[in-house]
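Please keep the view open as you go.

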Amino acid sequence: MYFDSHLHSEGLGFSELKKLAENQIKDICSLAFFPVKPRYPQTMIDVFRKLVEFEPVRCKAAGVRMYPAVGIHPRCIPPDYKIVLKYLEEGEWIAFGEIGLELVTDEEIEVLRSQLELAKKLDIPCIIHTPRGEKVRATMKTIEILNTLEFPPQLAVIDHVNFETIDMVFETEYWIGLTVQPEKLSPDDAARIVAEYGSERFMLNSDAGYRDVEIATVAAAAEKIAENVGKDEAIRVAGKNAKKFLRL
Ligand code: ZN
């Protein structure tokens, strides 16, 4: 049984959710995202409500247990975002995500920092996106912000890490997310990384949703890791670590 630690179930159809279950991906963490820049802060609040109240029910009907993560993605920063922060402060959450930097603007830095401060105060795990462009700069800045806040290492996963950023992230104590998708890492890449860096701090995900993506990549990568590295390692990066991180 596998755990996809970062996807967007709202961007998947029912048959795609069933495909996850058919491939033994029975647990997923679905992260907040809104595909257009919200015009109102309240839009994000309703995004979170849908993710918490409706999506788990839809996922369950497809055979998948879904854990929602809420937060302001750098591409979804609404005006008056502090209204969203206040809503986040008053709720109870499993995790914050997807948060992070995209273009590394001052506003993005401010929104990320505020959410991390809140997460530290409320003791909530954070799933932190790194972008496709500006990856090195955004990753460096993210680590700098985490260090400045003395953010608890067990509460952050730096996600979409690739061969360009892995050494930089591995030097920290944070969790490391590996996204297995044709344009990101292949199952073989994931196996190579786990063989070289060990399985202690990694968790696998598909980042599936909204786009033309492959669905069951966590299962494919886990099988490669079991074959090339070991069964225990596969179980850890494709399940156990995510559960430990999310404290399930
Ligand atoms: Zn994502």
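## Cysteines

At 0% relative accessibility, C59 counts as buried (buried means under 20% relative accessible area with a 1.4 Å probe, protein chains only). C29 is buried too, with a relative accessible area of 0%. The search of the whole structure turns up zero disulfides, a disulfide being a pair of cysteine sulfur atoms within 2.5 Å. For C29, the nearest cysteine sulfur is that of C59, 11 Å away.

## About the model

This is a predicted model, in which local features need pLDDT of at least 70 and side-chain atom pairs count only at pLDDT 80 or more, while totals for chains, interfaces and linings use all residues. Residues are numbered from 1 along each chain as its sequence is written, and side-chain values use heavy atoms, with hydrogens and water left out.

## Zinc site

Which residues coordinate the zinc ion? They are H6 (NE2), H8 (NE2), E98 (OE) and D207 (OD), at 2.1 to 2.3 Å; donors are N, O and S atoms within 2.8 Å of the metal (3.2 Å for Na, K and Ca), and sites may look incomplete because water is not among the atoms. Their spacing in sequence is H-x1-H-x89-E-x108-D. H6 lies in strand β1 (residues 2-7) and E98 in strand β4 (residues 95-100), so the pair ties together parts that are 92 residues apart in sequence; strands are DSSP runs (E, at least two residues), numbered from the N terminus.

Terms used. Helices (H or I, at least four residues) and strands (E, at least two) are DSSP runs, numbered from the N terminus. Buried means under 20% relative accessible area, exposed over 50%, partly exposed in between (1.4 Å probe, protein chains only).
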